[in-house]
Amino acid sequence: MANLKELSKVPERLAGGHRLCIGCGAGTLTRQTLLAAGNTPVVVTCATGCLEVSTSVYPYSSWKKDSFFHSAFENSAATMSGIEAAYVALKKTGKIKEKINFIAFGGDGGTYDIGLQSLSGAMERGHRMLYICYNNEAYMNTGIQRSAATPRGATTTTEPAGKVKPGKEQHRKDMTEIMVAHNIPYVAQAVVGDWNDYVTKVQKALSIDGPTFINIMQPCPLGWGTKPEDTLALGRLAVDTNIWPLYEVENGVYKINKKPKEKKSVVEFLKPQARFKHLFNSNPKNAEIIESVQKITDAKWELLLKREGGK
Amino acid sequence: MIKPIYSKGKIVAKTGNEAMAEAMRQIEPDVVAAYPITPATEIVQIFSQFVSDGIVKSEYVAVESEHSAMSAAIGASAAGARAMTGTAAQGLALMWEMLYIASGLRLPIVMAEVNRALSAPINIHGDQSDTMGARDSGWIQIYSENSQEAYDNMIQAVRIAEKCMLPAMVTTDGFIISHCMEVVETYPDKDVKKFVGQYKPQRALLNTKKPYTLGSIELQDYYFEHRWQLAEAMNKAQDVVLDVAKDFAKTFGRKYGMYEKYKMDGAEIAIVVIGSTAGTAKVVIDELRKKGIKAGMIKIRVFRPFPAAMIAKDLAKVKAVAIMDRADSCAGTFAPLYTDVAAALFAHNEGKMPKMENYVYGLGGREIAPEHITAVYDKLAKIAKGKAKPSNKVEYINLRK
């Protein structure tokens, strides 16, 4: 568990005045990431996307205390591979002595889609880095296009809801489990809205001598059509409806970090969001979609419980 | 045949790939990130064996694609390490996005590149379509005629790249050089290491005392200036190439320039060529000279930066010149080398031009034999005497139409 009193002593590492939208969860999670990093220096890479363009507008940078590097969209992990290899090489020859942590950021587009190969390669090679997917379930930086992380039924600008299509027709792919299948030492799901769970996970990941992965769901007021002030509550609602369970897999052992006392219907999560608004009209086909989302959510939860060992 | 020049040199038999890997062993970069591709695979295979045997201290990152190879090299270089990679053809094409980022961020990565035809149709043999496609990427391009040059160019490229803060690729022709066993003179490790020197980056992501942001977004307000600075750095790179060559000649005895002039004194007809074909052409020129025909050649070593003013001066008095391209530009007016040579002559010689022809040859490894080059000179001789007109379009050599 992270200690708030101790965290309050860590100096601020992400400057205000960045250009993220009001209510954007990416700013929140980035600050929490750097808080969790404590007093150990980090080098950060970031895939092209919201976080990158809004924190590093030349000649300014929000990255006050740490080196920040962006090279392209699909290669945050590959780029970090090179940085980490450079660290190992320079440490071997005595040119670097101190401990540095390596954190690679990518959005869901840069992780689930275009950056999947580069991420998979970096994880398989075992570079010591924490890869964080800040997952807002679509290409938000370019204007809300569909990604492999977009959930079924959501309207996006490249698979919009229309007269014959209900928005995205497929369920999202399970990136967290894909990373588990890489047999890396640590994989976790987190959410913007539960700071303690997330900070604890980042701390744990950074303490591990190997590749680690956190998939953090990040509500996006612009792309989800929600109120800026609801970002954190919505994240928690994703957990309480089992849409996005908080869990971690350490050396293959599953642990669910939060089990909702009373399971809420997925409708409670979907309804406040404009991206799902069309699902609540009178068309019976849309009711079927909501039902399928509930079904897959339930099935995944059951599977997760089973993987944890039925506890 | 290579003759020993350096007093402490060693005469060995090496393929182009082996020669490049040997240079890499002696340079001993901090990080090599690479992905296998014919005909360049051997270079990184040999190098990875050096790593596995503890002969070098370098970190070898066996990435899952060439895009990641260049991305990792970029990361390593930005981190403050000396970084290298190697590739060919499709691999270079897959790196294309990252080539511009390496140069735009002014990262002195050195690449061993083996020239190979681009798909489709898929073909593994030598032509220069791959690197010609990267000619505007802001990479210094150094071509080699044989294994010796490949070895020497690799050693020089590190110094050139780091001095200019520009990435550099050293190339050989696929199979013709990469897989051909030749006599090479290598120099002692100590002397090569001394020549190359230690890498002292101006900035490093791993320098926690001076953290910095790299790869920022720049829009209408700054982007143009930074791209102009890149072009300026490329323009100034010519002096660095020549300085390093001078020091190389002083140290090891072998002389290099932006290009090699072969029998250009008093030449009336000439060809301009890149890579291994120059070796074949030299045989042809010697024969022609025996017959009293004043034939010469310019063999381009450094294609980027392009030595425009120098070439214009050296071709000013030639009556007819054929530009030999081992890459096509698919209905650009002419192929890449011709375009640059013609523009150089036009811009620097007050419009006074020799008669010019453009030949595309050897695509996909198609043979270029002495008789093909002799035929080019025969035509040039007729043009020079006013008995034939130069073609106003690309002509193809040894092609079934």
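Strand 5 (residues 186-191) of chain A runs parallel to strand 6 of chain A, and 6 bridges join the two. Within this pairing, A:Ala188 has A:Ile214 in strand 6 of chain A as its bridge partner. Helices (H or I, at least four residues) and strands (E, at least two) are DSSP runs, numbered from the N terminus, and two strands pair if DSSP finds at least two bridges between them.

This is a predicted model, in which local features need pLDDT of at least 70, side-chain atom pairs count only at pLDDT 80 or more, and totals for chains, interfaces and linings use all residues. Residues are numbered from 1 along each chain as its sequence is written, while chains are lettered from A and ligands numbered from 1 in the order in which they are written.

- Strand 2 of chain A pairs in the parallel sense with strand 9 (residues 213-214) of chain B over 2 bridges.
- In strand 9 of chain B, B:Thr213 stands opposite A:Phe68.

- Strand 4 (residues 130-135) of chain A is mostly covered, with 6 of its 6 residues buried; a residue is buried if 20 or more other C-beta atoms lie within 10 Å of its own, exposed if 12 or fewer, and partly exposed in between, with C-beta atoms placed from the backbone.
- A:Leu130, A:Ile132 and A:Tyr134 point one way from the strand, A:Tyr131, A:Cys133 and A:Asn135 point the other way, and all are buried.
- Strand 3 (residues 101-107) of chain A pairs with strand 4 of chain A in the parallel sense over 5 bridges, and A:Gly106 stands opposite A:Cys133.
- Strand 6 (residues 212-217) of chain A also pairs with strand 4 of chain A in the parallel sense, over 6 bridges, and A:Tyr131 stands opposite A:Phe213.

**Chain A as a whole**

- Chain A comprises 12 helices and 8 strands.
- A compact globule of 311 residues would have a radius of gyration near 19 Å, and chain A agrees because its value is 19 Å; the radius is taken over C-alpha atoms, and the globule rule is 2.2 Å times the number of residues to the power 0.38.
- Along the principal axes, the C-alpha atoms of chain A fill a box of roughly 70 × 50 × 40 Å.
- Of the 311 residues of chain A, 52% count as buried.

**Contact between the chains**

- In chain A, 38 residues are in contact with 38 residues of chain B; two residues are in contact if their C-beta atoms, placed from the backbone, lie within 7 Å.
- Strand 2 (67-69), helix 4 (76-92) and helix 6 (116-125) of chain A each supply at least two residues of the side of chain A that touches chain B.
- Helix 4 of chain A gives the most to that side, with 13 residues.
- The residues of the side of chain A that touches chain B divide into 20 nonpolar, 13 polar and 5 charged; Ala, Val, Leu, Ile, Met, Phe, Trp, Tyr, Cys and Pro count as nonpolar, Asp, Glu, Lys and Arg as charged, and the others, Gly among them, as polar.

**Domains of chain B**

- The domain assignment of chain B gives domain 1 (10-252) and domain 2 (259-396); such bounds come from an automatic or database domain assignment.
- The centres of domain 1 and domain 2 of chain B, taken over C-alpha atoms, are separated by 28 Å.
- Their contact takes 26 residues from domain 1 of chain B and 20 residues from domain 2 of chain B.

**A second sheet, in chain B**

- An open sheet of 6 strands in chain B has the order 10-12-11-14-15-16, with mixed pairing.
- Its edge strands are strand 10 (259-262) and strand 16 (395-396) of chain B, each pairing on one side only.
- Strand 14 (residues 320-325) and strand 15 (residues 355-360) of chain B pair in the parallel sense over 6 bridges, and B:Lys355 is the bridge partner of B:Ala320.
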